[in-house]
Amino acid sequence: MRILIVLPGALGDVIRGLPLAGRIRRSHPAATIGWVVEPLSAPLLTGHPWLDRVHRFERARGMAGYLAVAREVRRTGYDVALDLGRSAKSALLAATSGARRRIGFARADAREGAWLLATERLSPQGVTRSKLEQFLAFGDSLGVHDEAIDFGLEVADGEAAAAAALLGDVREPLVAACVGSSCPSRRWWPERTAAVLDDVHGRLGSTGVLLGAPADAAFAAAVATCMRSPVSNLVGCTTLRELMAILARTRLAFGPDSGALHLAAAVGVPVVSLWGATSALRSAPFGSEPWTASGRTPCSPCFLKHCPIERECMRTIEVAEIVGLAEQALAA
């Protein structure tokens, strides 16, 4: 059997899709398993022990990128396509794969008419069920009975060495502030981020490590300016695999909803996460669900990329609340 997972999008979603791939591999060890993914998340999947093929969808190339990946997956001859992306884009890729069985989300859970291209649909999942559990539900359609939830991510020796070189003589233990987010509406504030790192340093003697994409450089610089305790600003300095290696060395990670937090949880690090525009019920990092702080405004979660009222939901999350959750996570 040849099985294609179509989940091109955000890093956090790709990470939460990995336990499904693991369950399929253990239940169908002889199967060929492929995955359509965009370049940002591809390094996590390339060489992954559960996958036989990784099809890169170069979305930035527009129609040329779509046609290239569509031809590639069609040549592979998949029997089943699992549309985890729930959008028209992912549904079209599943359809053009040529797979006779195309399993997707129910109309209530999909977008942009994606359910119309599926030959089979899951039962409605609802907005309060976690994305990870929603993805695992696809296994039922394939007769998957494995119950384990793991991610199969391991830090290679070369990646560990690269992370050590980036950290230099930074003093451990490390506490990571994942300051970035793909949506501006999810951001917290530099001075509050700095205050959490300073407080945890006072308790642990820890060094704060700032992590994020190049677009987060100004925010990270503002955090570093506000801090009184030691800090290592590595925003924009790491590849995705190096980011994973650094996170694997930390005692704790915290920040607003982002792919980096899911990566930290996937390598076994306790995570304190902040929620306003998005929902902790739906997206809290696996294993760190008890350590979430959600904004307290009537409009939260709104799922908007840009907030029209200056992130009032995030403003209701105070430093003391995050410090208290950090204490609980470190004691667990």
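Reader: In strand 10, which residue is the bridge partner of Val175?

Author: The model is predicted. In strand 10, Val175 has Leu252 as its bridge partner. Strand 10 (residues 252–256) and strand 7 pair in the parallel sense, over three bridges.

Reader: With which strand does strand 7 pair over five bridges?

Author: That is strand 8 (residues 207–211), and the pairing is again in the parallel sense. The bridge partner of Leu174 in strand 8 is Thr207. Between strand 7 and strand 8 the chain passes through helix 7 (residues 190–204), and this β-α-β crossover is right-handed.

Reader: How do I read the side chains of strand 7, and are they buried or exposed?

Author: In a regular strand, side chains alternate between the two faces of the sheet. In strand 7, Leu174, Ala176 and Cys178 point one way, Val175 and Ala177 point the other way, and all are buried. Strand 7 spans residues 174–178, and five of its five residues are buried, so by the cut-off of under 20% relative accessible area the strand is mostly covered.

Reader: How many aromatic pairs does the structure hold, and how is such a pair described?

Author: A pair of aromatic rings is described by the distance of the centres and the angle of the planes. The structure holds three aromatic pairs. One of them joins Phe105 and Phe138: the ring centres are 5.1 Å apart and the planes stand at 85°, so the pair is edge-to-face.

Reader: Where do Phe105 and Phe138 lie?

Author: Phe105 is in the loop between strand 5 (101–104) and strand 6 (120–121), and Phe138 is in the loop between helix 5 (131–136) and helix 6 (157–167), so the pair ties together parts that are 33 residues apart in sequence. Phe105 is buried, because its relative accessible area is 3%. Phe138 counts as buried too, because its relative accessibility is 0%.

Reader: Which residue lies over the face of Phe105?

Author: Arg86 does, at 3.9 Å from the ring centre. Elsewhere, the charged end of Arg311 sits over the ring of Trp189, 4.4 Å from its centre.

Reader: Is Ile33 buried or exposed, and what is it in contact with beyond its sequence neighbours?

Author: Ile33, in strand 2 (residues 32–37), counts as buried because its relative accessibility is 0%. Leaving aside neighbours within four places in sequence, its contacts include Ile3, Ile5, Ala21, Ile24, Trp50 and Leu51. Ile33 and Leu51 are 18 residues apart in sequence, and their C-alpha atoms are 5.3 Å apart in space.

Definitions and conventions: Residues numbered from 1 in each chain as written. Predicted model: local features only at pLDDT ≥ 70, side-chain atom pairs only at ≥ 80, totals over all residues. Heavy atoms only, no water. Buried < 20%, exposed > 50% of the residue type's maximum accessible area, 1.4 Å probe, protein only. Helix = DSSP H or I, 4+ residues; strand = E, 2+ residues; numbered from the N terminus. Pairing = 2+ DSSP bridges. Right-handed = clockwise from strand over helix to strand, strands pointing away. Phe/Tyr/Trp six-rings, centres within 6.5 Å; stacked < 30°, edge-to-face > 60°. Lys NZ or Arg CZ within 6 Å of the ring centre and 35° of its normal. Contact = heavy atoms within 4.5 Å.
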